[in-house]
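I opened the model to look at one strand residue and then at the ligand site. My notes follow in the order of looking.

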Amino acid sequence: MRYKNSCALVTGSSRGIGRAIARRLARDGWPVCVNYYQNQQAGEETVNLIRNHGGNAVLIQADVSKPDDVKNLIQTAEKELGEIELLINNAGIAGQVLFQDITDEIWNRYFGVNFFGARNTIREVLPRMIHKKHGNIINISSIWGLRGASCESAYACTKAALIALTRSLALELAPSGIRVNCIAPGVINTDMVQVLGQDVLRDLANQTPLDRLGTPEDIADLAAFLASDQSNFMTGQVITSDGGFIL
Ligand code: NAP
């Protein structure tokens, strides 16, 4: 059951999967903090889409890899919308690089955003969740974090680390009434995968048993389920939504 005066934070919700999750949660009645990194216009669009459908949302800029940005993000969100009861760690970056060509800078940036971004937000919201003995955390990993990915080893490592974090925190935080779950999306048609080119995307759709790429809404529906009381007995789970791709 949701607390009064509480809200959801979806990191990286200016575009793609994060935007779909923010819109879906707002439709389910959550006041939503929309976070962006660089693309203010896209962030404003997400907020307008939510407000135009009667929802409540605020927009806050933050680079989740920076602890001070995250502190400000959480403080501002809580001042505007109430305590964060639902945290969705979605912000992420990806790219295709041969292992030998992955610089220290790339390793650090991928881990900084994809993994330490989640560490930063969780660290910031946990004291109040533990005090209330109530909270819900959903980390967005990837099928590549489960299976590994050629030319995406840094990305895959960050997503595997998120899975380990999910399971470890689920165990540690269960006595405090806090659930921690993870979604591992397959290939989802967003800006992130456009660099692959239309031919590769068509091939990936053809290799998918359900014969299509995923949509951001496919992942948003799953996030809404994990955010709801319908999943109250679930914690520490990694749920794949990939059209059967890694079967
Ligand atoms: P996307 O379309 O590229 O959107 C990325 C989002 O993350 C944007 O809102 C972006 O903000 C934000 N972001 C990037 N760096 C950030 C930072 N340092 N701090 C805060 N926000 C930041 O990506 P997507 O496809 O929706 O992916 C969302 C999540 O799903 C990622 O974690 C990704 O790894 C995961 N995922 C995606 C796929 C896929 O096939 N698309 C598959 C598996 C998992 P700006 O708009 O300001 O740049």
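I started at Ser6, which lies in strand β1 (residues 6-10); strands here are DSSP runs of E with at least two residues, and helices are runs of H or I with at least four, both numbered from the N terminus. The model is predicted, so I keep to its limits: local features need pLDDT of at least 70, side-chain atom pairs count only at pLDDT 80 or more, and totals for chains, interfaces and linings use all residues. Numbering runs from 1 along each chain as its sequence is written, and side-chain values use heavy atoms, with hydrogens and water left out.

Is Ser6 buried or exposed? I noted it as buried, because its relative accessibility is 3% (buried is under 20%, exposed over 50%, partly exposed in between; 1.4 Å probe, protein chains only). Its side chain makes a polar contact with the side chain of Glu85 at 2.5 Å (a pair of N or O atoms within 3.5 Å; within protein, one must be able to donate a hydrogen and the other to accept it, and residues adjacent in sequence count only if both atoms are side-chain atoms).

Next I turned to the ligand. I found 33 residues around it, with Ser14, Gln38, Asn90, Tyr155 and Thr190 the closest (a heavy atom within 4 Å).
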